Amino acid sequence: MASADLGHDLPSRREALRRVALAGLLGGGVAGVAALSARALDRNWRDEASNAGLASVTHQLGWLKGVQFGGCFMAQEKGYFARERLAVSYAAGGPTTDYRTLVSSGRFLVSESDASELIYARIQGQPLVAFAAVFQRSPAAFMSPAARPIRSLRDMVGRTIGVPNVVLARLQILMRRQRIDPETINFVPVGTDASMLVSGQIDAYYSFATTAVPTLRLRGFEPHVLYLSDMGMPDYAQALIARRDQVENDPDLFVRYTRALIDGWQAMMADPAQAAAVIVEKYALPGTDIREQVIQARMLRDFVLVGDALDHGPLWIAAPQFETALRFARDAGVLPEGFKIDVESLLTQSIVKAAASRPEAVA
Amino acid sequence: MSDLWRPLFRSVTPPTLLLIGLALLWEGAVRAGLTPPSIAGPTTIVDTLVADRTTIWHHLEPTLLTTSLGYLLGSGVAVAIGLCVYVIRWLEQPVLTAATVLSSIPMLALAPVLLIWLGVGMTMRVVLTAIVCAFPVLVTIVQGLMVVPREASELFQSLAASDMQRFRLLALPNALPFLFLGLKIAAPLAVLGTLIGEWTGAEQGMGVYMIAAMFSLQADRLWSAVTIVSVLSALAYGYIALIERLTIAPELLDGEVGR
């Protein structure tokens with residue numbers, strides 16, 4: 001009798017253990033997801049509550065948050081957006097973010113582009129217009145080892161160059177003009193990742209010098225920088241873009257936003273190192289390297305406060321850069337036959353003019 | 001050791017020993033200078049994981065949440081569709097064809113489309129993860145529900161079992177091993193789907209941490225992120241495998257499925 005009881009008890013004990021273990025596993029999983037969800041919801045509610053009663057501006061940034069967008073974060077930090085009664089939210093970009101389409105589709109009010117890519121967007125039927133430009137001179141460049149520098153397009157002959165396809169189309173025009181056979185250069189369509197240059201797999205790669213140079217130098221790699229503007233391809237970078245209908249329907253919103261950004265960029269330029277410290281502490285990704293950001297912040301002055309910005313203040317925008325980009329697009333044959341596009345349809349100066357004209361704009 | 005845990009121990013020990021061996025070889029190669037500078041050794045990775053733990057947790061938290069929610073949503077929808085197919089048999093072919101077409105779209109191509117449709121918030125990343133997870137679960141649940149053993153089916157017929165009895169006592173138990181197979185395949189895919197969503201644009205997440213490390217030439221951080229993501233995928237798989245072991249009768253796990 002006793003042995004029969006024992007035989008009966010064993011499976012039932014095992015069954016009970018099994019049930020407890022299963023309940024524990026499932027319960028633990030549910031509790032974990034619930035805790036994570038509660039924390040995420042709490043963060044969202046706090047953000048929404050603090051923005052009540054303000055006009056909303058959503059801005060899709062062209063890359064991860066950092067001093068590259070320093071004027072935006074300094075405007076937030078110094079209260080310039082609050083002064084303009086704006087609730088501004090910034091979304092970090094990534095390597096596969098389609099900035100222009102996100103604005104065209106209405107997902108974001110503002111994003112960034114250079115003149116050349118804005119033309120490609122127009123060809124695709126995107127009704128976008130540029131209303132301000134952060135980088136008056138594009139920091140887009142080819143980085144090569146200082147020991148084996150690439151100083152011109154001709155130096156690229158016989159070398160392997162990492163370049164995105166959209167830039168390659170423009171390079172091919174320059175090659176045609178300089179009578180360089182495209183077959184003599186090995187172009188590889190890599191992203192803006194420096195590791196291939198450092199490991200010696202390529203001889204140069206395309207990136208913004210402002211982000212690439214600090215990274216490379218801090219890792220003990222001295223780069224030589226060949227700017228696209230010095231190769232005969234001047235352009236803006238981080239030109240602020242929006243849908244034309246939205247700019248026309250609510251110009252005041254864009255003027256207020258641009259005014260706050262002008263002040264933000266001036267605050268940034270006044271003390272780049274201090275601004276970098278604030279941005280790393282409060283706005284950039286946790287773990288962002290402060291040394292890298294300080295070097296980058298100091299480099300930005302040569303791109304933000306040059307050209308027209310010296311006379312009119314930061315974020316000024318004018319037609320000549322767009323005319324050059326349009327000429328390149330025509331020469332490259334990227335404009336479809338019969339496709340009509342004029343410079344005036346690509347940018348509007350009215351926003352930045354209105355933002356810069358108020359007496360308190362430039363301290 | 002109980003019968004319940006012995007098979008688990010047997011299945012975990014050999015791969016663990018293999019991984020330790022590989023890690024030792026890897027460390028040796030790095031110390032001997034046989035690897036490029038973009039490869040960090042295991043000890044460097046462990047040091048970085050410890051030193052960077054606060055930052056890593058900041059990024060791991062949303063990745064865990066997105067992976068879990070996407071996995072639950074994708075699996076839930078797939079099981080619901082599978083049950084519909086069981087009830088309405090002629091749906092099987094159209095549903096599986098549509099699912100195959102959807103799953104054949106590369107995730108990297110799908111992400112920007114979802115981004116425009118759903119925005120850059122967590123919803124987009126959860127939906128992307130759900131889409132990635134749904135296919136293996138759907139295929140396996142449909143197969144499990146439809147392919148019941150002939151002898152058992154005939155027995156239920158001769159006993160004049162009702163439709164509900166056939167479903168509850170025959171089709172569902174038969175489908176469970178298949179379903180768990182799909183759920184196990186989907187678990188690591190959920191982590192991958194979340195990472196791709198984060199690469200498309202996010203404020204936090206292991207995908208964002210990886211991109212920042214990659215573009216700042218921080219090999220130690222990049223490899224730490226790769227390690228965390230690999231461990232997360234393995235844990236997700238292991239978690240489902242454990243639930244499977246506690247749910248299904250051992251004889252079904254030992255090869256009796258679908259006979």
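Modeller: Please keep in mind that this is a predicted model.

Colleague: How much area do chain A and chain B bury between them?
Modeller: The two chains bury about 3500 Å² between them, and 67% of that lies on carbon and sulfur atoms.

Colleague: How many salt bridges cross the interface of chain A and chain B?
Modeller: The rule finds two across that interface. In a salt bridge between the chains, the side chain of R39(A) meets that of E61(B), at 2.4 Å from N to O.

Colleague: And how many residue pairs are in polar contact between chain A and chain B?
Modeller: The count is 10 residue pairs, with both residues at pLDDT 80 or more.

Colleague: Let us turn to chain B. What does its domain assignment give?
Modeller: Domain 1 of chain B covers 1-35, and domain 2 covers 41-253. The C-alpha centres of these two domains of chain B lie 25 Å apart.

Colleague: How many residues of domain 1 of chain B are in contact with domain 2 of chain B?
Modeller: Nine residues of domain 1 are in contact with eight residues of domain 2. Between them, these domains of chain B bury about 730 Å², with 76% of it on carbon and sulfur atoms.

Colleague: What about salt bridges and polar contacts between those two domains of chain B?
Modeller: The count of salt bridges between the two domains is zero, while the rule finds one residue pair in polar contact, both residues at pLDDT 80 or more. On the side of domain 1 of chain B that touches domain 2, there are seven nonpolar residues, no polar ones and two charged ones.

Colleague: How many salt bridges does the structure hold over all chains?
Modeller: Over all chains, the structure holds 23 salt bridges. One of the salt bridges joins the side chains of R19(A) and E15(A), at 2.9 Å from N to O.

Colleague: Why are R19(A) and E15(A) separated by about one helical turn?
Modeller: Because R19(A) and E15(A) are four residues apart in helix α1 of chain A, about one helical turn separates them. R19(A) counts as exposed, at 55% relative accessibility, whereas E15(A) counts as partly exposed, at 29%.

Colleague: Is R100(A) buried or exposed?
Modeller: R100(A) is buried, with a relative accessible area of 15%. R100(A) forms a salt bridge with E117(A), and their closest N and O atoms are 2.9 Å apart. This pair links distant parts of the chain, 17 residues apart: R100(A) is in helix α4 of chain A and E117(A) is in helix α5 (residues 115-123). E117(A) is also buried, with a relative accessible area of 18%.

Colleague: Which residues do salt bridges that share partners join into one network?
Modeller: That network consists of R83(A), E84(A), R259(A) and D263(A).

Key: Residues are numbered from 1 along each chain as its sequence is written. Chains are lettered from A and ligands numbered from 1 in the order in which they are written. This is a predicted model: local features need pLDDT of at least 70, side-chain atom pairs count only at pLDDT 80 or more; totals for chains, interfaces and linings use all residues. Side-chain values use heavy atoms; hydrogens and water are left out. Buried area is the accessible area (1.4 Å probe) that two parts lose on being put together, summed over both. A salt bridge is a side-chain nitrogen of Lys or Arg within 4 Å of a carboxyl oxygen of Asp or Glu. A polar contact is a pair of N or O atoms within 3.5 Å; within protein, one must be able to donate a hydrogen and the other to accept it, and residues adjacent in sequence count only if both atoms are side-chain atoms. Domain bounds come from an automatic or database domain assignment. Contact means heavy atoms within 4.5 Å. Ala, Val, Leu, Ile, Met, Phe, Trp, Tyr, Cys and Pro count as nonpolar, Asp, Glu, Lys and Arg as charged, and the others, Gly among them, as polar. Helices (H or I, at least four residues) and strands (E, at least two) are DSSP runs, numbered from the N terminus. Buried means under 20% relative accessible area, exposed over 50%, partly exposed in between (1.4 Å probe, protein chains only).
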